[in-house]
Amino acid sequence: RRDALVAAISVVGSALINIAAKHYYGRARPSLWESLAPETTFSFPSGHAMGSATLAMVVVLLCWHTRFRWPAVVLAALFALTVGASRIYLGVHYPSDILGGWAAGIAWVSGVYLVLYRIRERPWQVR
């Protein structure tokens, strides 16, 4: 149940943080070329990048104590990188929008995980 709670709070909270941050910063989207998929909302932070980082981080953290740890890390990283690159390729985000989305998503999920699991030991120490 706690794993489901981590996933739910992470995904919903990430979406709400993204909406609030977009309205707070109010950054216009790039107009370097005509976009293949025009967007009308604000640019910073990228919601797609934040959502992909959130999902990737949730999967990695929930798989961390299983034998699927490293395949999850590799696939999650490739997924988030591909989503970020696609947003730049489509011309709807600056690279800083992508980096901001990734950073916010990773920070949010890490915080949720630490609070719900109350980790008292240092993560780099082996049990």
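Predicted model: local features only at pLDDT ≥ 70, side-chain atom pairs only at ≥ 80, totals over all residues.
**Figure 1. Overall surface and fold of the protein.** Residues are numbered from 1 along each chain as its sequence is written, and side-chain values use heavy atoms, with hydrogens and water left out. The secondary structure comprises 4 helices and 0 strands, in the sequence pattern α-α-α-α; helices (H or I, at least four residues) and strands (E, at least two) are DSSP runs, numbered from the N terminus. Of the 127 residues, 34% count as buried, a class defined by a relative accessible area under 20%, with exposed over 50% and partly exposed in between (1.4 Å probe, protein chains only). Among contacts with a separation of 6 or more, 71% join residues 24 or more positions apart, where contact means heavy atoms within 4.5 Å.

**Figure 2. Packing of helix 1 against helix 2.** Helix 1 (residues 2–25) and helix 2 (residues 47–63) pack at an angle of about 160°, with their axes 10 Å apart. Helix 1 is therefore roughly antiparallel to helix 2; angles under 35 degrees count as roughly parallel, over 145 as roughly antiparallel, 65 to 115 as roughly perpendicular and the rest as oblique. Axes are lines fitted to C-alpha atoms, for helices over the stretch in contact, and angles run from 0 to 180 degrees between N-to-C directions. On the helix 1 side, D3, A7, S10, V11, S14, I17, N18 and K22 meet G47, M50, T54, V58 and L62 of helix 2. The residues of this contact divide into 6 nonpolar, 5 polar and 2 charged; Ala, Val, Leu, Ile, Met, Phe, Trp, Tyr, Cys and Pro count as nonpolar, Asp, Glu, Lys and Arg as charged, and the others, Gly among them, as polar.

**Figure 3. Packing of helix 2 against helix 3.** The axes of helix 2 and helix 3 come within 9 Å and cross at roughly 180°, which means that helix 2 is roughly antiparallel to helix 3. H48, A49, S52, L55, A56, V59, V60 and C63 of helix 2 meet R69, A72, V73, A76, F79, A80, V83 and R87 of helix 3. By class, this contact has 12 nonpolar, 2 polar and 2 charged residues.

Figure 4. A76 belongs to helix 3 (residues 69–89) and is buried, with a relative accessible area of 10%. Not counting residues up to four places away in sequence, A76 touches A56 and V60. A76 and S52 are 24 residues apart in sequence and 8.4 Å apart in space, C-alpha to C-alpha. A85 also lies in helix 3, but counts as partly exposed at 44% relative accessibility. Between A85 and I98, 13 residues apart in sequence, the C-alpha to C-alpha distance is 8.4 Å.

Figure 5. D97 is located in helix 4 (residues 95–117). The residue D97 is buried, with a relative accessible area of 0%. Leaving aside neighbours within four places in sequence, D97 is in contact with R27, S43, F44, P45 and S46.
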